[in-house]
Amino acid sequence: MTQTTTRDAAPTQRAGLLAGLDVFVGGPIQHAILENGFANDLESAITKAIGAVKEHGGNVFSAHVVEKFGAETAAFTPEQVSVRDFRWMKKCDVFVPVLPVLEDGMLRRTDGTHVELGWATAMGRPIILITKQPFAESASHLLKGLHQVGFVQTIDFAEFAEKPGLLIDAVLAATERQREAVGASVIA
């Protein structure tokens, strides 16, 4: 079986590459709600990630979409958010956290995303981190070393902004065995 990557596939061949996959796209919300609205760079990156996954037939779980990029965050209780996000993590095939770096070189604070990274690792979910590479100095040892205990790929934030297809390639690589097993069971 020949595997087609997003770089060499015709648009009609690429459309369903992620069909049947659930992708949980996360990142800061509370600490990205600014006086003049939601952090633009983060909203742009999350929108690109969601768009790329959907364009290739994947299903997306996103608190950013549900909470309208912070405009409706206050409408949800901590209990609702915790239960919702935990259920999404249990159901997803891949977790894609977007961790932007501020102008001063520090990671934007995101307590919830770090909890979700723990859930993903404990549940054995592949993680595709979109963040500045090499990691920002402010990133914790646990974040920098997460690849030692979980399946973690990283995509540089700036490279992703230029080439969102990098995410599709990473999701395909992260789910290759799973997709092969599903394909084998369909054929059998």
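**Helices and strands**

Author: In this predicted model, the axes of helix H4 (residues 78-91) and helix H5 (residues 111-123) come within 10 Å and cross at roughly 35°.

Reader: Is the crossing of H4 and H5 left-handed or right-handed?

Author: The two axes in question cross at roughly 35°. The sense of the crossing of H4 and H5 is right-handed.

Reader: Which residues in H5 meet H4?

Author: On the H4 side, the contact involves Ser82, Asp85, Phe86, Met89 and Lys90. By class, the contact of H4 with H5 has 5 nonpolar, 1 polar and 3 charged residues. The residues in H5 that take part are Glu116, Trp119, Ala120 and Met123.

Reader: Why is strand E1 (residues 22-26) described as largely enclosed by the rest of the structure?

Author: Asp22, Phe24 and Gly26 point one way from E1, and Val23 and Val25 point the other way. In a regular strand, side chains alternate between the two faces of the sheet. Residues pointing either way from E1 are buried. Strand E1 is largely enclosed because the buried residues number 5 of the 5.

Reader: Which residue in E4 is the bridge partner of aspartate 22?

Author: Strand E4 (residues 59-61) runs parallel to E1, and 3 bridges join them. Within E4, the partner of aspartate 22 is asparagine 59.

Reader: Which residue in E5 is the bridge partner of valine 23?

Author: E1 also pairs with strand E5 (residues 94-99) in the parallel sense, over 4 bridges. Within E5, the partner of valine 23 is valine 94.

Note on methods:
Residues are numbered from 1 along each chain as its sequence is written. This is a predicted model: local features need pLDDT of at least 70, side-chain atom pairs count only at pLDDT 80 or more; totals for chains, interfaces and linings use all residues. Side-chain values use heavy atoms; hydrogens and water are left out. Buried means under 20% relative accessible area, exposed over 50%, partly exposed in between (1.4 Å probe, protein chains only). Helices (H or I, at least four residues) and strands (E, at least two) are DSSP runs, numbered from the N terminus. Two strands pair if DSSP finds at least two bridges between them. Axes are lines fitted to C-alpha atoms, for helices over the stretch in contact, and angles run from 0 to 180 degrees between N-to-C directions. A crossing is left-handed if the near helix is turned anticlockwise from the far one by less than a right angle, and right-handed if clockwise. Contact means heavy atoms within 4.5 Å. Ala, Val, Leu, Ile, Met, Phe, Trp, Tyr, Cys and Pro count as nonpolar, Asp, Glu, Lys and Arg as charged, and the others, Gly among them, as polar.
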